[in-house]
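Hello,

Please find the structure below. My notes on it follow.

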Amino acid sequence: MGENVHDLVEIVECKLDTAKYMDSVRSPAAGAIASFGGTTRDRFQGKQVLELRYEAYVPMASSQLRKICQAARERWELIGVAVAHRIGVVPVGEESVFVAASSIHRKEALAACQFLIDEIKASVAIWKKEIYADGEAWKENAEFESTRRSCSCGH
Amino acid sequence: MGENVHDLVEIVECKLDTAKYMDSVRSPAAGAIASFGGTTRDRFQGKQVLELRYEAYVPMASSQLRKICQAARERWELIGVAVAHRIGVVPVGEESVFVAASSIHRKEALAACQFLIDEIKASVAIWKKEIYADGEAWKENAEFESTRRSCSCGH
Amino acid sequence: MESQGKENDNVVVEVLFFARAREIVGVSQMKLELRASSTTRDCMEELLSRFPGLEEIKSVLIVALNHEYVCEPSQLKHGDEVALIPPVSGG
Amino acid sequence: MESQGKENDNVVVEVLFFARAREIVGVSQMKLELRASSTTRDCMEELLSRFPGLEEIKSVLIVALNHEYVCEPSQLKHGDEVALIPPVSGG
């Protein structure tokens, strides 16, 4: 099979243009466009988050995002798929990640968005650091555990 | 209890401004914004759809939409909820309905969007007519059946 | 005097028609005078006698009274808003 | 001549460090020369001996070889790109 040339995959250092990604999956054949955006929060376990910084292993992360889009297409009949991740500083309230999918009926687009974000969290080579007033911390997605279990044995 | 004053509910005759609705649920406390848009398709059972026209019983539909937002809030911990429906002619590819929800974590926002659109389809007093080259038809949501079963007994 | 007394006992409701119901009836809205103590079911029967075309969709209609679906016949009062709701297709 | 022969047998790989791994090592990227037939596990061992601070996160790292996670030790060839992947936190 291979990757669908119509999937829009981006890792960018600027604000995510959500309308652009939704428009990229828009089609006269689609009856449904679902989207999900992960936005940065101002608190973590009661601590105020001053800033969030994302970094990516860009070529690997891009390749992983493309494969996740393809996996979604193999699972559901989708018309358009878009995934975008922002890196660098992401101010509170803005999207760090945005996914969109379109389909003929709504079930597929909604399920695909859930799948896309779950898969991105589990495996894509992107890291977030939270900066607090009194320190900083690299975060770890709980979903990464399954990836590590299947991959960390040999090293 | 009662309705949440922050819910954005609109029935409008112009193009739905999806970014506006997503921004209306955006919050520093939210980590997730999910959305769903129903877009008009160019085909129905092989027939080309020339035009779609929506009409609403506006005061009743608005009241129903507000109650559906409230029902979603009772089911999940949500930060923002927005639902909008367009009436009049909706060109192919454009949204006739758009829902958005935000929450601390992603599960709630995604589930709420699914719930909101399911409930809207089942009961809200809005009608769609499809205009084909060789005729026209009022559509009927399959989801309306459950509403009718519980309500049509007495008449 | 007698007729005025009768009229005072009657209720006048606003009836709204949507989608296919509106097309059958030919208007979107009308005032309807009913005997006192009439219910939404009486209202439907009156509408069916005036607009026999409604029989075609009677089995799939829901009645709404003042913006709420009513599942059992409900007594009408003056100024109530009754709407005939054909199968919805929003979304 | 003998040393040149040895060098020809060696492989030079590019090693990339991200997030906490980068902070521990102090650089984001380096070339690393390894004996011929070295595997990703040999590469990790060499890195651990050069940067003992990596022991702290060793148990949670995954190794990526040319943009793919490798689950079993894989033989390295000249020019390969090896990356130390700490727990990811994208999304």
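Where the chains meet

Strand β2 (residues 32-39) of chain A and β2(B) run antiparallel and are joined by seven bridges; two strands pair if DSSP finds at least two bridges between them. Helices (H or I, at least four residues) and strands (E, at least two) are DSSP runs, numbered from the N terminus. Within this pairing, A:S35 has B:S35 as its bridge partner in β2(B).

This is a predicted model, in which local features need pLDDT of at least 70 and side-chain atom pairs count only at pLDDT 80 or more, while totals for chains, interfaces and linings use all residues. Residues are numbered from 1 along each chain as its sequence is written, chains are lettered from A and ligands numbered from 1 in the order in which they are written, and side-chain values use heavy atoms, with hydrogens and water left out.

Chain B and chain A each bring 33 residues to the contact (heavy atoms within 4.5 Å). The area buried between them is about 2600 Å², with 49% from carbon and sulfur atoms; buried area is the accessible area (1.4 Å probe) that two parts lose on being put together, summed over both. On the chain B side, B:R41, B:R106 and B:L110 lose the most area to chain A, together 24% of what that side buries.

Six salt bridges are counted between chain B and chain A (a side-chain nitrogen of Lys or Arg within 4 Å of a carboxyl oxygen of Asp or Glu). One salt bridge joins the side chains of B:E95 and A:R26, at 3.0 Å, N to O.

Regards
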